[in-house]
Each structure stands twice: as structure tokens, then as C-alpha cells.
Amino acid sequence: SPATTSRPGRAPPCPAPPRCPRRCPASSSPPGITVVTWNVGTAMPPNDVTSLLHLNTSETNDVDMIAIGLQEVNSKINKRLKDALFTDQWSELFMDVLSPFHFILVSTVRMQGVILLVFAKYYHLPFLQDIQTDCTRTGLGGYWGNKGGVSVRLSIFGHMVCFLNCHLPAHLEKAEQRKEDFATILHMQQFEGRVANGILDHDLVFWFGDLNFRIESLDICFVKYAIDSKALSQLWEKDQLNIAKSTWPVLRGFQEGPLNFPPTFKFDVGTNKYDSSAKKRKPAWTDRILWKIKSPSTGLGAGRRRPSQGVLSVSQLCYCSHMEYTVSDHKPVAAIFAVQFASKVDKPPVEIYVADEWSRPEQAVVRYKMAVGFHRSSWDWIGLYRVGFRHPKDYVSYVWARSDDGERGLEKQLCAQVMFSEEALPKGNGEYILGYYSNTSSSIAGVTEPFQISLPRSEEGSSPTDSSGSSSEEDDSTLVLLAPKSRSPSPGKMKRHRSRSPSLAKFQGLILRPSSRDRGTSRSPSPQSRRGLPRDIPIIHVPQEELGCCEAKGKELRQAADSLEGSSFYQTVQEQGRPQRVSTDSLLARADPRNLGLLPALRLEMIDKALGWRRENVDQGYYPCQRMSPTSPPGSGMSPKEGCSP
């Protein structure tokens, strides 16, 4: 069951916090941002990407954010179906490698084989707001996503920053097509909000990817000679992107560091040798990283933009390729930047106060205070994370951050208080972090420093939430199938987000109704998920001897399941170890994730017991002569013998 929420009431002003959020934004050192681009050529991920991300170096200690752009990730139909159910292998790799360094996945977006991932140190998460993503297809005249651009925009310490990962058309003669496609991406991608609606409206833009610009005029022999003799400057003036920066208006203002590394395309896979096939493609710097700072006067007078806040400066500390990776015909490219903001937001939207250690369940009290102007939602929640968590939904437990509307007190900034139930707390010793997740901004609005939880481990099977001792005889033949990869708050499984649901292959002939995802419902806690959702677990009877029942019986079962939706009825819940029937409008029923569309599930029951019930009631004359919905309310003018629901 979910952690219980204590009634906030009129809590007294917050006492001096024993441990308050880290104040890293107030540090004098400028934030460091690492940008990586790699055309992986449909290859499997390598075993290690530590050197690519510049981890275990002095530079990593100063890096606060990492943006990774991939192109040509395997997007064949079988891979896309698997990635739709589970996180793709490349994203898993980067999360696994970065989480021990306290980097959390902030946002990700994918368009076929083009992926963009943005990570940040966990204590910066409250200062990363207004996160949005977009994508633009340019392949096959805009109908195919093998080429195009994906972007993540967000506010970093109050400044609007956009990361744009592109895969542009290939071949030497397609320079004009690359120009047109880039202009299309800039025009098509628009974001919501009062500021920075277009990509170039942001205070800072990072543009990177497989841009596919080539080296003109020079033949392949001279290019390879210049590479071997390390005379790379002789190739710069013939690079199409360098030429375009001074001639194309759309590229005005974009900057790039010197190309002091060899061209990153095209290599024989598994080697560091340039193309030796019959095509013998000319080496080129196809993989690039550029940035652009918005001019302070840009957008003034337009009535819909605000000027840049203070002076923004960017210094490139590193720009290099990584020859040690040979799984693709491209070499990855990385750049490290120091971004200097003249002014920074240094107070999080939500401040969380917690004790230094939880050694008893009654100490699991969380106090939090919302800043003026923070848009609270009744669907906000506070997650309990292990140190080294991977993304905002990678929690151990959570509690709803609900409070009464009449006691919001934005001007008075009253503190609210919630409490984790004993069943929701992890047992044993470990370091944990609390994070306030804002459903409005889809981001973490407040975090704590790591604190200790030291609770004794309970004996196996003695937990009050263990259903083995209280389940009825009917439940012995009941199987609950959970939808895979649920990213929404769900107390059902306290496991990693990669937990997979049981295989359905053994249930031959079983017809499953569409999941909430197929019907277009949201898997995240949102007010929209209150309506139009099934209010209970549909029951599908499966014959014990013959699973493939006749078509008429299958149709009847689907009609019965469909009749569950949109009805008002009572639901059976466990209250103090005894089953109770409560209205779905009550707070207890509303807190059930199944009523929120968070845990799509099916209940499978052996048909022998159901048919036995029918035969027994028919013999006694109580079986209804007219088929009614199992959610039909009693007392509708019909006698129990005529239409009462079982």
C-alpha cells in the first residue's frame, strides 16, 4: 500500500532544519556542461564509456550537466517494439555509468534512431525547471524520422538553455539540403510558455550531432596525407561547415572550437583505419558540437520575449574525439564547457526538512515549505531515493504531498507535513535522499542532502502487508499481471524500474483488453487520469481444461469487462486486516493507484469456481434472468431475483 499522508493542518512554522538542501548553486565556480555526440551505426553499446564521458578525471568534478546525442541507434521493428516496453540499451548504459557519480537523468527524447539524454547532478535538480522536448522529421520530405532533430529545453538557474541533437542528410553534394533541413528544424520546433518559444530564442543553444558536412575540393589522397602529417589546418578552410558559418544567415552567431582532432568519419568498423572499401569515402568532420549565445538585444520590442538576464559567457575547455571506440564507422566527439551566469536562482521552489537519521518508523516525518509563486498540484509527491538513483521515477517509496486547498497560504508560506508509513520504509542500513516531484513541471522541485535510514529487518513473511496469511481461498488461483515499465508512482513493486511482468505466452487463447497506454491514458499522476478509467480489476475467467473457449463466450466476457468502465460503485480494500467496501469517491479509494490509471492490471480466475457459483445459484432460483453489469447499483426498482448483480 502507498505510504500514508498525515494531515498537514496548520503546522507551526518550520523549526531550524537539522539538515537542509545543499546550496551548490551559490558556489562561485561556473557550472560545467559536457556535450557528447556519437553516430553509433546501429551497433550494440560497448562495455565501458567512462573515458568518453571524461569520468574519473579532474574535469568531471567540475561538470554539473551532461548532454548525450546519439544517431543511428538500431530502430528496426523488433528493436523498436522492445524499446517501447523497456528502456533501450544505450540509455541503460549511460544511466548505469553516471548514477554512481550522482548524475540523474533529467529528460530524454527519441525519434527513431536519434536519441538525446540530459543528465545533471542530483542537487541541481530543483534549479532545472520548465523542461520540454520536441522533435522534427526531415527524412523523405518530413515523413520519416531517420533524419531530423530532437531537442530538450529547460531553465538552468533561471536562464533558458536548449540542447539540439541533429542528424542531417549525407553526401558531399547535399550541402544545400543540410542548410534547408536545419532551417526547417529551427522553424518547426516551438515550445510552450511566455519566453523562449523558438530554439534561437533561448539564452544559450548547444547544436550538435552527425551534421554530415564534408571536405570540399581536396582529393582523398591529400586529405589522408594532411591527417597523417597532422597538418589538419590545411583542411579547415575546405570544411563545408566552416564555409557555411560565414555565408549562411541561419548559422550566424554559432561558434565552434578548433578542429584539432582527426576527421571522425569514415572508419572500418572495429579499427582506426579510414574506409578501405570499394567506395573509399573521403574522411570528414561529420560529428560536430557548436553553441550560440543570444544577443542581449534579440527579441526586444516583440512583446513576447524578455531580454537575457545579465551577461552570459561560455568557455570551451575541451573539444576532442575518442579514437578508442571502434564499434561504429564514426568516432564519438565530446566537448566540455564552463558557463558563467551573471545571476543565478539560488533558492529551490520547495525546501524539504528531515532528520539526520531515521532509526524508528515514527521519525519518518517530512516537513516542506513551498516558495511564493510555486504551482502546487494535488498530484505532487515526495519520493524516497537511494543514493545513486538513476532518474526521478527510480524511487524506493513515495508519499502524496497533499494539503487542503484552504491552507495553501502562499503569502504565509506555511509548512506542510507528511509521513511515510512503516510498511513503505526500507529495512536495513543505507543512505537515502528525499525529492519533491512536481506534477505541473514534471521535475523535482526540492531535494535533501543524503541522510541515514537504520531500521531493523523484519522476519520474512511477518510483514502486515503480506497477503499470504490473509488472502482468501479464491485468491490462491488469482494472478495479477502488471503492465511493464510503469514510470508512474506505484507502491506495488519496490524494485528497480526494469522489473518485467510475467510472460503471457502460457495463456493461449486469452484475449486481453487494451491497456491504459493503448487507450491513450496517462501513466503519470495527473488530474486527467481521474476520469474515464476502469475503477476495478476486470475479471476474466479462464477454463482449467480448455483455455480456448468459443467465440460467443469470449465476446460475452469482453462485454462484461467493458461494462466496468465509467460506472460508480464500491470497491473492496484491506482495512486493518479485514476486507472493507468503500466508495470510489472516498479518499481511501482515490489513493488506490488502480483508480488513477497507474497500475493497469488483469485478474485471472479459474472458471470452474465461477461456473460452480452460477450452478449453485441457478438451482436455488437466485440467478438473474436478465444479464446486468456487475457494477449496476442495487435498489434500482428490480428485485434481487430479477436483476441484482453478483
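Student: In which sense do β18 and strand β20 (residues 451–455) pair?

Tutor: They run antiparallel, with 5 bridges between them. Pairing here requires at least two DSSP bridges between two strands, and strands are DSSP E runs of at least two residues, numbered from the N terminus. This is a predicted model, where local features need pLDDT of at least 70 and side-chain atom pairs count only at pLDDT 80 or more, while totals for chains, interfaces and linings use all residues. Residues are numbered from 1 along each chain as its sequence is written, and side-chain values use heavy atoms, leaving out hydrogens and water.

Student: Got it. Which residue in β20 is the bridge partner of Gly428?

Tutor: That's Leu455.

Student: And how many bridges link β18 and strand β15?

Tutor: There are 6, again in the antiparallel sense, with β15 covering residues 381–386. Leu384 sits opposite Leu434 of β18.

Student: What about β19, how many bridges there?

Tutor: β18 and β19 (residues 443–447) form 4 antiparallel bridges, and Ser438 faces Ser443 of β19. Their hairpin has 4 residues between the strands, and Ser442 has a positive phi near 55°.

Student: Is β18 mostly covered or uncovered?

Tutor: Mostly covered: of the 11 residues in 428–438, 9 are buried. Buried means under 20% relative accessible area, exposed over 50%, and partly exposed in between (1.4 Å probe, protein chains only).

Student: New topic: why does Gly209 count as buried?

Tutor: Because its relative accessibility is 0%. Gly209 lies in strand β8 (residues 204–210).

Student: Which residues does Gly209 touch?

Tutor: Beyond four places in sequence, its contacts (heavy atoms within 4.5 Å) include Thr37, Asn165, Cys166 and Asp287.
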